[in-house]
Amino acid sequence: MHRPDNYLDAARRATIAPMTHIQRFNRIAHSELSDEGPSKSQRKRESHALQDLGEELVNLAKDALARVPMPENLEQAVRDCRKITAHEGRRRQLQYVGKQMRTLHESEVQAIRQALDVIKGVSKAETAKLHALERWRERLLAKDEALTELVAQHPGADAQQLRTLIRNARREQAAQKPPKAFRELFQALKDLMGAGTPDTETSDDAQSDLPEFPTREED
């Protein structure tokens, strides 16, 4: 027996129980809650970022670490990790450092990031100076006129010493000998130009840019 389509549609609707007000409310509430807060993947990314930040603290030079504001529990965890040499023990302690990082308020994390940015800025400036010295060494070894230019820019330079080092470094390269004079020339340039030893004004400015660690308000 053939039944009309509208009859079948009515039969299907009859088998579906109508949604109660409570069910409708629960569905809406669940939808709203799912839209609130960061997603699971976002929380995972933030957790990894804090873990990486903690590892960066562990790998800082001792004097740089002392300049980063952080709570005592995190500082102790970082210092303990720096003392561990065993691979597995260090890995576990790094995880603990990350755990401590995740307890910080957002303002506290920001203070740490800002301090690291200041420290990296100073480090980049020092690296740029060293690269400039390397370029000077290359020029001095490539052409004699470079020494005249260097002495003109730095009247206090010992031209005779530099000329001897340049000559010896060229001989080393020609004979493929160990680069003793090559390194001594770099050190002489470093002493002449004061690279690698930031002046007091630069250091003070960098120190003044470091943020104060925020004080938590009691809940």
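Trainee: Where does Q93 sit, in which helix?
Mentor: In this predicted model, Q93 belongs to helix α6, which covers residues 87-101.

Trainee: Is Q93 buried or exposed there?
Mentor: Q93 has a relative accessible area of 15%, and because that is under the 20% cut-off, Q93 counts as buried.

Trainee: And what does Q93 touch, apart from its neighbours within four places in sequence?
Mentor: Leaving those neighbours aside, Q93 is in contact with A77, D80, C81 and I84.

Trainee: How do α5 and α6 pack, at what angle?
Mentor: The two helices, α5 and α6, pack at an angle of about 165°, and their axes are 9 Å apart. The angle is over 145 degrees, so α5 is roughly antiparallel to α6.

Trainee: Which residues make that contact?
Mentor: From α5 the contact is made by N73, L74, A77, V78, D80, C81 and R82, while α6 brings R90, Q93, L94, Y96, V97, Q100 and M101. As for handedness, the crossing of α5 and α6 is left-handed.

Trainee: Switching topic, which element has the highest mean pLDDT, and which the lowest?
Mentor: Among the elements of the protein, helix α5 (residues 72-83) has the highest mean pLDDT, at 96, whereas helix α11 (residues 200-208) has the lowest, at 43. Across the protein the average pLDDT is 80, with 71% of the residues scoring at least 70.

Trainee: Where does pLDDT stay under 50?
Mentor: It stays under 50 over residues 196-208, and for that stretch the model has 8 contacts beyond four places in sequence. Where pLDDT is low, the predicted coordinates should not be read in detail.

Trainee: What about L150, buried or exposed?
Mentor: L150, which is found in helix α8 (residues 145-153), counts as buried because its relative accessibility is 0%.

Trainee: Which residues does L150 touch, not counting those up to four places away?
Mentor: L150 touches W136, L140, L162, L189, L192 and M193 on that count. Looking at W136 in particular, its C-alpha atom is separated by 8.4 Å from that of L150, and the two residues are 14 residues apart along the chain.

Trainee: W136 is in the α7 contact with α10, so which other residues take part?
Mentor: Let me give the geometry before the list. Helix α7 (residues 106-142) packs against α10 at an angle of about 125°, with their axes 10 Å apart, and that makes α7 oblique to α10. Besides W136, the contact is made by L130, L133, E134, R137, L140 and L141 of α7, and by F182, R183, L185, F186, L189, K190 and M193 of α10. The crossing of α7 and α10 is right-handed.

How values were computed. Residues are numbered from 1 along each chain as its sequence is written. This is a predicted model: local features need pLDDT of at least 70, side-chain atom pairs count only at pLDDT 80 or more; totals for chains, interfaces and linings use all residues. Side-chain values use heavy atoms; hydrogens and water are left out. Helices (H or I, at least four residues) and strands (E, at least two) are DSSP runs, numbered from the N terminus. Buried means under 20% relative accessible area, exposed over 50%, partly exposed in between (1.4 Å probe, protein chains only). Contact means heavy atoms within 4.5 Å. pLDDT is the predictor's confidence in each residue, from 0 to 100. Axes are lines fitted to C-alpha atoms, for helices over the stretch in contact, and angles run from 0 to 180 degrees between N-to-C directions. Angles under 35 degrees count as roughly parallel, over 145 as roughly antiparallel, 65 to 115 as roughly perpendicular and the rest as oblique. A crossing is left-handed if the near helix is turned anticlockwise from the far one by less than a right angle, and right-handed if clockwise.
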